[in-house]
Amino acid sequence: MDFDKVAKLRHSVRHFSTRKVDWRDIMKAIDLARLAPLAGNIPTLKFLIISDEEKISRLAEASQQEFISEARFVVVVCSTHDQLTRSYDERGLKYSKQQAGAAIQNFLLKLTELGLATCWIGAFSDEEVKRILQISDDVEVEALFPIGYELGKGKQKPKPLLEQCVYFNTWKNKYMEPWKDPRGSKT
Ligand SMILES: Cc1cc2nc3c(=O)[nH]c(=O)nc-3n(C[C@H](O)[C@H](O)[C@H](O)COP(=O)(O)O)c2cc1C
């Protein structure tokens, strides 16, 4: 599918049908997620694929978002930043979050291309999720992704216009100077 089309089609889905999901499609999306840029090319991310129904309903409870229990799978994205912070000190924490976001966007776009649906879940009890999945304290749980096929047909929420997102040369300058040839070309 054309890249622009996938980026525009992606949207958060909170109602899933009963159609079975092939876990190998989820592997394809993770395969794309791992190609995202990494600070110093240091990997930090792990993707836990949860298929156990009881665990999924406990994750829904830990997030207080009931719709999660409708999903066939939940992917839990986790980071371990010790190697990054060893290399970059405190800045490593920032890099860890940024590379998680970059990988997640690849993951979301590939799921969209495959016709699968999800919703980025950032609101959950870290302690509860770690307890349910036996995740150790040194691991950061970044987000949960309940995955299924969409029930109905939603669309992406409106996003800021291009001109609301861009400044030129100085902060808050909304206008691009006409281009001047540095060699003083007369054409
Ligand atoms: C960091 C982050 C955390 C989010 N957490 C939740 C969440 O806990 N529950 C939820 O239903 N949606 C959550 N969302 C999804 C947003 O609500 C959704 O992306 C936004 O409304 C825009 O809709 P769209 O994804 O369809 O463009 C989260 C999104 C992001 C990026």
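User: In this predicted model, why is helix 3 called roughly antiparallel to helix 6?

Analyst: Helix 3, which covers residues 53-63, packs against helix 6, residues 126-133, at an angle of about 170°, and their axes are 9 Å apart. Angles over 145 degrees count as roughly antiparallel, and therefore helix 3 is described as roughly antiparallel to helix 6.

User: Which residues make that contact, and how do they divide by class?

Analyst: Helix 3 contributes Lys55, Arg58, Leu59 and Ala62, while helix 6 contributes Glu128, Val129 and Ile132. Sorted by class, the contact between helix 3 and helix 6 has four nonpolar and three charged residues, with no polar ones.

User: How do you know whether Asn169 is buried or exposed?

Analyst: The reasoning again sets a count against the cut-off, which is 12 or fewer for an exposed residue. Asn169 has 8 other C-beta atoms within 10 Å, and therefore Asn169 is exposed. Asn169 lies in the segment after helix 7, residues 162-165, and its phi, near 65°, is positive although the residue is not glycine.

User: What makes up the largest nonpolar core, and which elements supply at least two residues of this core?

Analyst: The largest nonpolar core has 35 residues, and those with the most contacts inside it are Leu59, Val74, Val75, Val76 and Ile147. Each of the following supplies at least two residues of this core: helix 2 (23-33), strand 1 (45-50), helix 3, strand 2 (73-79), helix 5 (91-113) and strand 4 (140-148). Leaving aside residues up to four places away in sequence, Ile147 touches several residues, including Val21, Phe73, Val74, Val75 and Leu111.

User: Which residues surround the ligand, and how many of the shell are nonpolar, polar and charged?

Analyst: The ligand is surrounded by His11, Ser12, Arg14, Gln65, Cys119, Trp120, Ile121, Gly122, Ala123, Gln156 and Lys157. The residues of this shell divide into four nonpolar, five polar and two charged.

User: How many helices and strands does the protein chain have, and what percentage of its residues count as buried?

Analyst: The secondary structure of the protein chain comes to seven helices and four strands. Of its 187 residues, 26% count as buried.

Note on methods: Residues are numbered from 1 along each chain as its sequence is written. This is a predicted model: local features need pLDDT of at least 70, side-chain atom pairs count only at pLDDT 80 or more; totals for chains, interfaces and linings use all residues. A residue is buried if 20 or more other C-beta atoms lie within 10 Å of its own, exposed if 12 or fewer, and partly exposed in between; C-beta atoms are placed from the backbone. Axes are lines fitted to C-alpha atoms, for helices over the stretch in contact, and angles run from 0 to 180 degrees between N-to-C directions. Angles under 35 degrees count as roughly parallel, over 145 as roughly antiparallel, 65 to 115 as roughly perpendicular and the rest as oblique. Two residues are in contact if their C-beta atoms, placed from the backbone, lie within 7 Å. Ala, Val, Leu, Ile, Met, Phe, Trp, Tyr, Cys and Pro count as nonpolar, Asp, Glu, Lys and Arg as charged, and the others, Gly among them, as polar. A nonpolar core is a set of buried Ala, Val, Leu, Ile, Met, Phe, Trp, Tyr and Cys residues joined through C-beta atoms within 7 Å. A residue is near a molecule or strand if its C-beta atom, placed from the backbone, lies within 6 Å of it.
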